[in-house]
Each structure stands twice: as structure tokens, then as C-alpha cells.
Amino acid sequence: MVQADLGVGDAFDVDLDDETLERRRGRTRKGRPAGRYFMCVHVREDGHTHLAVLEGRSLVEHYVTTPRDDAMSIDGNIYLGRVQNVLPGMEAAFVDIGTPKNGVLYRGDVSFDPAEVEQRQPRIEQLLKNGQNILVQVTKNPIGAKGARLTQEVSLAGRFVVLVPNQPQTYGISKRMPDDERKRLRKVLDGLRPPDAGIIVRTAAEGAAPEELERDVARLRQQWEQISAYAAQSKQARLLYQEPPLVLRLLREEFTKEYRGVAIDDRALYEEVRSYVEAVAPELADRVEFYDTEAEGLPMFERFHVQEQLLKALDRKVWLPSGGSLIIERTEALTVIDVNTGKNVGRSNLEETVFRNNLEAAEEVARQLRLRDIGGIIVIDFIDMEIKANREEVMRAFRAALARDKTRTQVFEISELGLVEMTRKRVSEGLLESVSTTCETCAGRGFTIDEALLASLD
């Protein structure tokens, strides 16, 4: 099995000029790094690791994991799987990947060579057969009774680029970077693109030297060669490649100059993270700090007001700055968010009051979706607005707020009933499920049945 190589043991031996280093370090304020985000990592004595991401002072993301979770999490892992059952009516196949539950591979995630099939859109039973060995990657962890979601379009993530083996037509550069930087990277990558693989350039590549990009691509190609060799030697379903623990994975994918710092209150984890950052992004190493709880006098989550924001994120009611509120209700099929004016009585007229309230709600709804990690179908009931320009402005603000969410979303316009329908990719069970257990008395319904009252109806 291949472990994810984050580059800790292969530090970049690249000389960067002062201008490049300054650009990659980002802005400073009074000698301190300045950035939109801040990350807190708290390790409890029982092994639970809590990771919180703050935007300014507002909590926008929270993750919790245990050593068992890190061992059980298979998102991003690559397996040699064996097809167990092809279901033409579902356009899917169940694949044994050596885990307790078979993974699910849908027709749209099956890779095939168009030259080897007659139809332009072949059916899944023409592409897969029972007992066939295939290479697959997990795109979503098992949730509840559902098995892992699989794809044959395998990708390997590095610090600066994502390598997509056997997909040479795949090529892209993060749209979050300035146009001039995108042009520079395109020129650099034109000479590095492998003939048999695609490349996606990550946001972290902004300001990266050509030598760093070349090393990143070379490391990922070496990993893929090892994975391919293991697959060729194997006949049974098995794990071929394993992603790193959550904390290192998030740092690899998210830690850029937009982060003003990372605070960790566990010495061993701090040393591990510091070594990794020094290896792949030395200009950001001074932003990784050890938080000494005894010296500070307060637990880290209290010091940065994370704990109180977490407790509020578990409520069904969320207050808006001007006095309005959101009511968030989750069901099996979808999540419904109701926007209310509440205590917000405004100053001039009803339309202006509703418009301002909806603008606040649009920003807060986007934050709550990230914080609670709500996925699936979402319906938002904004307060009705008579003026078309106001409706368009609320949608513009909502989409701008969602643009900061790395999880894929799709939003539709306000309907005639004043509803906004959207979807957000479901990648985990959500915040509430990660810190709670289902009530044995009411089975999660939120109320108990008066059996004595029902008995009196006999």
C-alpha cells in the first residue's frame, strides 16, 4: 500500500528570490501576518481532535475526528475493487473494496475508451462484468446505511497540483488566482504536463517557483507508478493508496497566505505539522504556533470563542445582527431554512426592511451551511420582496458568500413562491451528527408520545 507522500521527507531545495518570498508570504499588519482565516486545532486527552476554521472572528468550519475515525475514513483512498453486482435498472454497480460495505459505482463515474465500444453512451452492463477487477477511488465516505461513493476517474492531490492519471485532456487552473498569475502558471505547466495524465493547478500554487511545481508533479507521478504496480500484482480487492489524517489533509489543501495562522495545543501534533509546512511552504512556517494552555490561562477554544459559537450552531434558531432570525429544520429528504424579520422593525419602509434583512440572511445562510456541513437539497424561504432589483441583489450576495465555500453548490433563482432551491454536495454526516447521539426515548423525533392518552382511546 502507498501512503500519501506530503513531501515531509523531501523538502524543497529551491532558492527563491526575495520578491517571490514576499509575494507568497502575503500581507502583514504591524509585523504580524494578515489573512482572512485562522485555524485552531484542539487535541483532547481522549484522542478526539477538533479543528475549527475562523473567518475573521466568525466560526465557519468545524471538524472532529478520533484515531479510529482517521483509520475508518476512506475518502480519497484508492482501491483495487472487484465488481460484485451490476444493476442495469439503477445504472450502478456494487464493488467490493475490502471494507464492511460494498462501494457504489454509478454509470457516470465509469471510465472507458470510446474506441473500444460501439455506442456513444454505452450502458453500464456493457462496461462492467461481475467478478471484474477495477481500479477505483472513494469520493464520499459511507454515510449511515449507504456504502462509499466510488469513481474510476482517479486523481492524486499534491501541494500545488492535482494529477489525473490517464486523463490527458484534463487541464485547469484555479479561478481564485489573478489573471496574470494564471497566465504565468499556464506557461510553466505547458512544459511539465505529462503526455498520459491531466493536471489541475491548486490555489496554493500562486507564486510557486517552476522547480517546486516540477517536484510536485514528479512526486505524484512516482506515487501513481507505485499504485499501478501494486494493482498489477494483486488479484483480490485491497487498499492501494491511503490519504493522510484529516489535519494534514486540510493543511495540504487549504493552508495558504490567506491564513493568518494555525494554533495547535498538542506538542506532538504541532511538531508534525510544523515539519510538514517547513517542507512544502517554508514561507508560511512561522504562522504555525504552539498554543500553551497553561501559559495562556484559557483553553484555546474559549480564547478564540469557538466553543460558544459551536453551541449556537446546534440550535435550530439563528439570530441575525439586526434582530431577524433563521429557523433551520433538517429532514431525511432536504433541509429547510426559513428567514424571519423577528425583532427587526426597520427604519423607513417595509420593502427596505425586508431587503436588508434578506441580505443579512443570505450571508448567514452561507456560513451556516459550511459550519453545519449541510448537504443534499436545501430550500430557503426568503421574505417576499416586491422590487426585482432587490431580489437580484440578494441572490448576488448569496452566490458571493457561497463562493467562499470549497464544497460544490448549485443555486437556482428565486421562484414565484419566494423560495430558493439549491444543492450542496454531501461529504459527511454533518456537525450535529458528529457531536450527538440519537435520543433513545423519542428516536430523534424531538418529542415523546403520551401512551397513556392513546391507551384511553381504546
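Tutor: What follows goes from the core to the cysteines and then to a surface patch. The model is predicted.

Start with the largest nonpolar core. It has 27 residues. Those with the most contacts inside it are L326, I337, L369, I380, F382, F398 and M422. Helix α11 gives the most, with 7 residues.

Now zoom in on I380. Leave aside its neighbours within four places in sequence. I380 is then in contact with I337, V339, V365, F398, G418, L419, V420 and M422. Among these partners, I337, F398 and M422 are also on the list of residues with the most contacts inside the core.

Next, the cysteines. The structure holds 0 disulfides. For C439, the nearest cysteine sulfur is that of C442, 3.7 Å away. For C442, the nearest is that of C439. A disulfide needs the two sulfur atoms within 2.5 Å, and C439 and C442 are in no disulfide. Their surroundings can be set side by side. C439 is partly exposed, with a relative accessible area of 35%. C442 counts as buried, at 11% relative accessibility.

Last, the surface. L311, L314, L432 and V435 make a nonpolar patch of about 330 Å². One of them, L432, sits in helix α13 (residues 431-434). L432 is partly exposed, with a relative accessible area of 40%.

Definitions and conventions: Residues numbered from 1 in each chain as written. Predicted model: local features only at pLDDT ≥ 70, side-chain atom pairs only at ≥ 80, totals over all residues. Heavy atoms only, no water. Core = buried A, V, L, I, M, F, W, Y, C linked by side-chain atoms within 4.5 Å. Buried < 20%, exposed > 50% of the residue type's maximum accessible area, 1.4 Å probe, protein only. Helix = DSSP H or I, 4+ residues; strand = E, 2+ residues; numbered from the N terminus. Contact = heavy atoms within 4.5 Å. Patch = residues over 30% accessible without salt bridge, like charges linked within 9 Å, V, L, I, M, F, W, Y side chains within 5 Å. Areas by Shrake-Rupley, 256 points an atom, 1.4 Å probe, with all protein chains shown as cover. Salt bridge = Lys/Arg side-chain N within 4 Å of Asp/Glu carboxyl O.
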